[in-house]
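Thank you all for making time this morning. I would like to walk you through one model, and I will ask you to keep the view open while I talk.

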Amino acid sequence: KKVEENVESLNQRVLDFNPGENEVTSFNDLPLSHPTTSGLEASHFKNLTDIQQKAVPLALKGSDLLGAAKTGSGKTLAFLVPVLENLYRRRWTELDGLGALILSPTRELAIQIFEVLRKIGRYHTFSAGLVIGGKSLQEERERLGRMNILVCTPGRMLQHMDQTAAFEIDNLQMLVLDEADRILDMGFQSTVDAIVEHLPKERQTLLFSATQTKKVSDLARLSLRDPEYVSVHEAA
Ligand code: ADP
Ligand code: MG
């Protein structure tokens, strides 16, 4: 028998949750849905890393975020958990179209993100896709319209935005820019600017980077709104 979760009460728990007061060590300390909790358990994720402790509570509450932490610190879950939760709490369905867009600098990194999404999102009903080229535009295009969450590389995404007439992004709730420093180092600045131009202004944006550079803060100024800054520094 399928257990209906009361989304109203979950929304209330998120409202009542105070990132400054509540101690967050384990994922069970967070107001998370059943499907995400089960997905994290099944993937053997129990305790949050430092960047996740700082970023996830704020992102769950809807803040824009600039998160900086070195490679290997767990930035992927820091944005994937809020993506799943914030769409779930809006009762997002197939019919609502694209809810979250995740931009990654390379195909390899996009595939890694997608694999983590598949693992921790396995008990959700969202449709998720990869848009990284390698297939014909036409093939990708046919699947695009049915996706709730897309993980993509900047060039391919912009190509679709420019060429796929029926590509619906007016409902988009969340934009994630992962490895923003690498996206910029690879020369995707103007591509990302053009993508952001296509997106609705009312949205949540999470930007993650291994390093804090001038270019990253310039991108943050363009794409984020009243962001919270969270970072984890290496111990001296
Ligand atoms: P980053 O994007 O910051 O380089 P990743 O998100 O790729 O880091 O995570 C690095 C490694 O840490 C991965 O192997 C991932 O499975 C692991 N990891 C991430 N979060 C947790 C966690 N909360 N508990 C245990 N391992 C984790
Ligand atoms: Mg990463």
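Predicted model: local features only at pLDDT ≥ 70, side-chain atom pairs only at ≥ 80, totals over all residues.

**The ligand shell and what lies behind it**

Let me begin with the shell around ligand 1, whose residues divide into 4 nonpolar, 8 polar and 1 charged; here Ala, Val, Leu, Ile, Met, Phe, Trp, Tyr, Cys and Pro count as nonpolar, Asp, Glu, Lys and Arg as charged, and the others, Gly among them, as polar. Residues are numbered from 1 along each chain as its sequence is written, and chains are lettered from A and ligands numbered from 1 in the order in which they are written.

On confidence, the protein chain averages a pLDDT of 93, and 97% of the residues score at least 70, where pLDDT is the predictor's confidence in each residue on a scale from 0 to 100. For the complex, the predictor gives an ipTM of 0.99 and a pTM of 0.96.

Which residues come nearest to ligand 1? Of the 13 residues around it, they are Thr71, Ser73, Gly74, Lys75 and Thr76, with a residue taken as near if its C-beta atom, placed from the backbone, lies within 6 Å of the molecule. Helix H4, residues 75-88, gives the most to this shell, with 3 residues; helices (H or I, at least four residues) and strands (E, at least two) are DSSP runs, numbered from the N terminus.

As an example, Val176 touches Phe79, Val83, Ala100, Ile102, Leu103 and Leu206, not counting residues up to four places away in sequence; contact requires C-beta atoms, placed from the backbone, within 7 Å.

Now to the strands, which count as paired if DSSP finds at least two bridges between them. E2 pairs in the parallel sense over 4 bridges with E4, where Cys152 is the bridge partner of Leu103. E2 also pairs in the parallel sense over 4 bridges with strand E5, residues 174-177, and there the partner of Leu101 is Leu175. Both faces of E2 are covered, with Ala100 and Ile102 buried on one side and Leu101 and Leu103 buried on the other.

E5 in turn is joined by 4 bridges to E6, and the two run parallel. Strand E1, residues 65-68, pairs with E6 in the parallel sense, again over 4 bridges. Leu207 of E6 is the bridge partner of Leu177 and also of Leu66.

What about the helix H7, residues 154-163? Pro154, Arg156, Met157 and Leu158 are buried there, and what covers the buried residues of H7 includes strands E2, E3 and E4 and helices H8 and H9. His160, which lies in the H7 helix, counts as partly exposed because it has 19 C-beta neighbours inside 10 Å. Leaving aside residues up to four places away in sequence, His160 touches Val131, Glu140, Arg141, Leu144 and Phe167.

Finally, two backbone details deserve a look. Most residues other than glycine have a negative phi. Arg91, in the loop between H4 and E2, has a phi near 55°, and Glu179, in the loop between E5 and H8, has a phi near 50°. Are these two residues buried or exposed? Arg91 counts as exposed because it has 8 C-beta neighbours inside 10 Å, whereas Glu179, with 22, counts as buried.

Note on methods. Buried ≥ 20, exposed ≤ 12 C-beta atoms within 10 Å, placed from the backbone. Contact = placed C-beta atoms within 7 Å.
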